[in-house]
Amino acid sequence: AWKRPQTSRASASSQRPRKTWAEKKAEREARDAARAQEARLVEERKARLADQRRRTEAKRARKLRNETKSAQYQVITNDRTVKALSKKQLRQIKRTRVTKDGDVELVDAYAPTIDRPSKRARR
C-alpha cells in the first residue's frame with residue numbers, strides 16, 4: 001500500500017492537558033483584574049476629556065466676551081441707511097443684546113429677541 005497506516009488519531013493530538021481548579025481560578029482573577037484596570041483607565045480618560053472640553057468651552061466664552069468688549073462700533077441711527085444696504089451688507093450688521101446673566105452679546109440684526117417670541121409664534 002502506498003499510504004502508511006494511521007497510528008494515532010489527529011483529534012487525539014490536539015487535546016491539551018486539563019487545567020486544575022487553582023489554574024482556572026488564577027486565570028479568572030487575572031482576567032478580572034485586567035478588566036478592572038481597563039475600566040479604570042477608560043474612566044480616567046473620560047474624566048480627562050470632559051475636563052478638557054469644559055476648559056475649552058470656558059476659554060471660548062472668555063475669548064468671545066473679550067472680543068465684544070474690545071470691539072469698535074458704528075451706531076446706525078438713520079433707518080434709511082439700513083434700507084439702502086444690500087443683502088451682503090445687511091449680513092454684516094450686528095445688534096447688541098443683553099442676556100439674563102447680564103452679558104452683552106452680538107447677534108444678527110434680524111435675530112428674534114429672547115423675551116418675546118416672533119409674531120408668527122404668538123398666533
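**View A. Arginine 28 in helix 2 of the predicted model.** In this predicted model, arginine 28 is found in helix 2, the helix that runs over residues 21-70. The relative accessible area of arginine 28 is 39%, which means that this residue is described as partly exposed. Arginine 28 also belongs to a positive surface patch, whose other members are Arg18, Lys24, Arg31 and Arg35.

**View B. The salt bridge between glutamate 27 and lysine 19.** The structure holds seven salt bridges, and one of these is formed where the side chains of glutamate 27 and lysine 19 meet, with a distance of 2.8 Å from N to O. Glutamate 27 is partly exposed, having a relative accessible area of 40%, and lysine 19 is likewise described as partly exposed, with a value of 44%.

**View C. Arginine 54 and aspartate 51 in helix 2.** The side chains of arginine 54 and aspartate 51 meet in a salt bridge, in which the N to O distance is 2.3 Å. Because the two residues lie three residues apart in helix 2, arginine 54 and aspartate 51 are separated by about one helical turn. Arginine 54 counts as exposed, since its relative accessibility is 53%, whereas aspartate 51, at 30% relative accessibility, counts as partly exposed.

**View D. The salt bridge between glutamate 105 and arginine 97.** Glutamate 105 forms a salt bridge with arginine 97, and the closest N and O atoms of this pair are 3.2 Å apart. Glutamate 105 is partly exposed, with a relative accessible area of 27%. Arginine 97, by contrast, has a relative accessible area of 19%, and therefore counts as buried, a term kept for values under 20%.

**View E. Threonine 68 and the residues that it touches.** Like arginine 28 in View A, threonine 68 is found in helix 2. The relative accessible area of threonine 68 is 18%, so this residue is described as buried. When residues up to four places away in sequence are not counted, threonine 68 touches Tyr73, Val104 and Leu106.

Key. Residues numbered from 1 in each chain as written. Predicted model: local features only at pLDDT ≥ 70, side-chain atom pairs only at ≥ 80, totals over all residues. Heavy atoms only, no water. Patch = residues over 30% accessible without salt bridge, like charges linked within 9 Å, V, L, I, M, F, W, Y side chains within 5 Å. Areas by Shrake-Rupley, 256 points an atom, 1.4 Å probe, with all protein chains shown as cover. Salt bridge = Lys/Arg side-chain N within 4 Å of Asp/Glu carboxyl O. Lys, Arg positive; Asp, Glu negative; His and termini not counted. Charge placed at Lys NZ, Arg CZ, Asp CG, Glu CD. Helix = DSSP H or I, 4+ residues; strand = E, 2+ residues; numbered from the N terminus. Buried < 20%, exposed > 50% of the residue type's maximum accessible area, 1.4 Å probe, protein only. Contact = heavy atoms within 4.5 Å.
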